[in-house]
Amino acid sequence: MMQSLASLSAHPQGFVSLHRGDSYILLNLQSGEEELLMTLNPSCSSCIGQWYFDQSVFTRACAELESISYGDVFIDEIGRLELSGGGFAPALRALLKREEVNLTISVRDEYADQVRSSFSIEDAAIIMAEA
């Protein structure tokens, strides 16, 4: 869904996660580069729920997101990790302060109210996606 929305932008920026087997791959919308984001295989040092991840992947992605000052930006997805202050949370906080950024994020229904509250998101357009 998020990749389809991003494809409607002339110059999409940000990251989309792609589910492949027992992993999620982080796709950089500008460069097309892919990197392992999360896996069920306990090969990474950090975990949330059943998913293992390397925080350095989020650190690099956040640095890139925080450098964006304008345009269409996509982040897939904001959830438990961000609600605990990790993952994309630092970049999301920075991007929400930039008026020249048209930000699109994905959030699961179960976390939507918490994300709105935690990140002080008031005027959000909600697009319902089918699973």
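Mentor: The model is a predicted one. With neighbours up to four places away in sequence left aside, the contacts of Phe 88 include Phe 15, Leu 26, Phe 58, Ala 61, Cys 62 and Leu 65. Further contacts of Phe 88 are Ile 75, Asp 76, Glu 77, Ile 78 and Glu 82.

Phe 88 also belongs to the largest nonpolar core, a set of 27 residues. Together with Met 38 and Leu 65, Phe 88 is among those that have the most contacts inside this core. Several elements each supply at least two of the core residues: strand S3 (34-39), strand S5 (51-53), helix H2 (55-66), strand S6 (71-78), helix H4 (89-95) and helix H5 (109-118). H2 gives the most, with five residues. Another core, of eight residues, lies apart from this one, and its members include Ala 6, Val 16, Ile 25 and Phe 74.

The aromatic rings deserve attention next. A pair of aromatic rings is described by the distance of the centres and the angle of the planes. In this model there are four aromatic pairs. In one of them, Tyr 24 and Trp 51, the planes stand at 65°, over the 60 degrees required, so the pair counts as edge-to-face; the ring centres are 5.0 Å apart. Tyr 24 is in strand S2 (residues 23-28) and Trp 51 in strand S5, so that this pair links distant parts of the chain, 27 residues apart. Trp 51 has a relative accessible area of 17%, which is under 20%, and is therefore buried.

Phe 88 returns in an aromatic pair with Phe 58, likewise edge-to-face, with 5.1 Å from centre to centre and 75° between the planes. Phe 58 lies in helix H2, while Phe 88 lies in the loop between helix H3 (80-83) and H4, so this pair ties together parts that are 30 residues apart in sequence. Phe 58 and Phe 88 are both buried. Ring pairs also join these two with Phe 15 and Phe 53 in a cluster.

Among the contacts of Phe 88 listed above is Cys 62. Cys 62 has a relative accessible area of 5%, and because this is under 20%, Cys 62 is buried. Cys 47, in contrast, has a relative accessible area of 46% and is partly exposed. The number of disulfides in the model is zero.

Beyond its neighbours up to four places away in sequence, Pro 90 touches Cys 62, Glu 66 and Gly 85. The relative accessibility of Pro 90 is 40%, and because this falls between 20% and 50%, Pro 90 counts as partly exposed. From Pro 90 to Gly 49 there are 41 residues in sequence and 21 Å in space, C-alpha to C-alpha.

Two further contacts of Phe 88, Asp 76 and Glu 77, are joined to one another by a cis peptide bond, with omega about 5°. Glu 77 is part of strand S6. The volume of the second largest pocket is about 410 Å³. S3, S6, H3 and H5 each supply at least two residues of its lining, and the largest share, three residues, comes from H3.

Leu 96 is placed in the loop between H4 and strand S7 (101-107). At 37% relative accessibility, Leu 96 is partly exposed. Its contacts, neighbours within four places in sequence left aside, are Leu 103, Phe 119 and Ile 121. Ser 120 is 24 residues from Leu 96 in sequence, and the C-alpha atoms of the two are 8.9 Å apart. Ser 120 belongs to the segment after H5. Phi of Ser 120 is near 50°, a positive value in a residue other than glycine. With a relative accessible area of 57%, which is over 50%, Ser 120 is therefore exposed.

Methods. Residues numbered from 1 in each chain as written. Predicted model: local features only at pLDDT ≥ 70, side-chain atom pairs only at ≥ 80, totals over all residues. Heavy atoms only, no water. Core = buried A, V, L, I, M, F, W, Y, C linked by side-chain atoms within 4.5 Å. Buried < 20%, exposed > 50% of the residue type's maximum accessible area, 1.4 Å probe, protein only. Helix = DSSP H or I, 4+ residues; strand = E, 2+ residues; numbered from the N terminus. Contact = heavy atoms within 4.5 Å. Phe/Tyr/Trp six-rings, centres within 6.5 Å; stacked < 30°, edge-to-face > 60°. Disulfide = S-S within 2.5 Å. 1 Å grid on protein atoms, 1.4 Å probe; cavity = no way out; pocket = protein on both sides within 12 Å on 5 of 7 lines; lining within 4 Å. Points joined across faces, edges and corners; volume = space filled by probe spheres on them.
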